[in-house]
Amino acid sequence: MPPLVLQERYSVHQNDFAPLIECDDLLRELMAQGGPMPSDYAQMNRTLRLLGDAVRAKVIARDDVLAYAQDVTNRHLEGTMQARALGKKYGYSGDFEIIEAIYTLQIAQEPHLRRWDLYFHSQAAPNAVRNRKAYFHQLLNSHSAGHTKAPLNVLNVASGPARDVREWMLDNPEREVFFDCVDAEIHAVERAKKLCAPFAKRVEFYHRNVLRFLPAKGYELVWSAGLFDYLTDRTFVFLLKALIAVTKRGGEVVVGNFSDYNPSRDYMELLGDWVLQHRTREQLRELALEAGAAADSIEVMWEPEGVNLFLHIRR
Ligand SMILES: C[S@@+](CC[C@H](N)C(=O)[O-])C[C@H]1O[C@@H](n2cnc3c(N)ncnc32)[C@H](O)[C@@H]1O
């Protein structure tokens, strides 16, 4: 039997729906056993990959898969990380609450949901998000170590929960580093203010849209993760230009963007409707050149999963 939500369409396109039926069969089987065990992950990934291939080949409409994902999630997976991504509480999947839940490895308490969250957190993409926090910390370590005479000024663009800032401050209470954090979501700013309350004198928050406003200081380090991979190329270049302009000579802009190598992409897009602008190292380089960066000032690095790329531009 096809999933309930698709029965009408299924009667017309029976063969085309095979990868979705296969996915539904597997999900039902896994739900019956109380969620996926690590030994089921490979089959889950393979099934989602085949479904993704069918969507890319336009054999199955993305909207049909999305309708299915909504239906199965509402009925069986409410409260899981995947359901929270799909629910888009603040308008899109990767909001500050989801990002914080990834950082803190939040797992549903209900026994029948726990294994779904363990599966979520085991994937390359959440690992890459956790790795990018460590990447930011390393950048802060190296910039602050080489900058001993005056305070180091850091601009954190689309700062979300600012858990990365809080953790670095906790580990480095003595370093003279000042952060300006900008985010367009008031709930994110409120959450971040709470997390960074012990360091209120060293962290300033701005509830603003970074496409319209940036604090007018000069910065030694400008950092942005989890924003540029939602932007079109045109907006990417526009914002990158603005970030370069507020970076002091000798300073650095570092911008994160998911790469086209993302093994979690089908899971994110098909079951979470979490769609990003994945970009290659070459594309990031091209966009940096378009934003006016000198060719020899550009470098593209990555975290250990190889999923999150980091475009570095030296001023
Ligand atoms: C995926 S979260 C990343 C948070 C943080 N940088 C991190 O990596 O932990 C993206 C954040 O970007 C913010 N955001 C999205 N568009 C924005 C804009 N135009 N101006 C400022 N903030 C924005 C959202 O409110 C959200 O908090």
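In this predicted model, the largest nonpolar core comprises 45 residues, and Met44, Phe258 and Trp274 have the most contacts inside it. At least two residues of this core come from each of α2 (18-32), α3 (41-56), α4 (62-77), α5 (81-87), α6 (96-103), α7 (111-122), α8 (124-145) and α12 (265-272). The core lies between domain 1 (4-122) and domain 2 (126-314), because both domains give residues to it.

Neighbours within four places in sequence aside, Phe258 is in contact with Ala125, Ala128, Val129, Arg132, Asp229, Met268, Leu276, Gln277, His278, Arg279, Val307 and Asn308.

Ser159 is located in the loop between β1 (152-157) and α9 (163-171). Apart from neighbours within four places in sequence, Ser159 is in contact with Cys181, Val182 and Asp183.

Burial is assigned to the residues below because their relative accessible area is under 20%.

| Residue | Relative accessible area | State |
|---|---|---|
| Cys23 | 3% | buried |
| Cys196 | 2% | buried |
| Ser159 | 7% | buried |

Ser159 is thus a buried residue within a loop.

Notes. Residues numbered from 1 in each chain as written. Predicted model: local features only at pLDDT ≥ 70, side-chain atom pairs only at ≥ 80, totals over all residues. Heavy atoms only, no water. Buried < 20%, exposed > 50% of the residue type's maximum accessible area, 1.4 Å probe, protein only. Helix = DSSP H or I, 4+ residues; strand = E, 2+ residues; numbered from the N terminus. Contact = heavy atoms within 4.5 Å. Core = buried A, V, L, I, M, F, W, Y, C linked by side-chain atoms within 4.5 Å. Domains from an automatic or database assignment.
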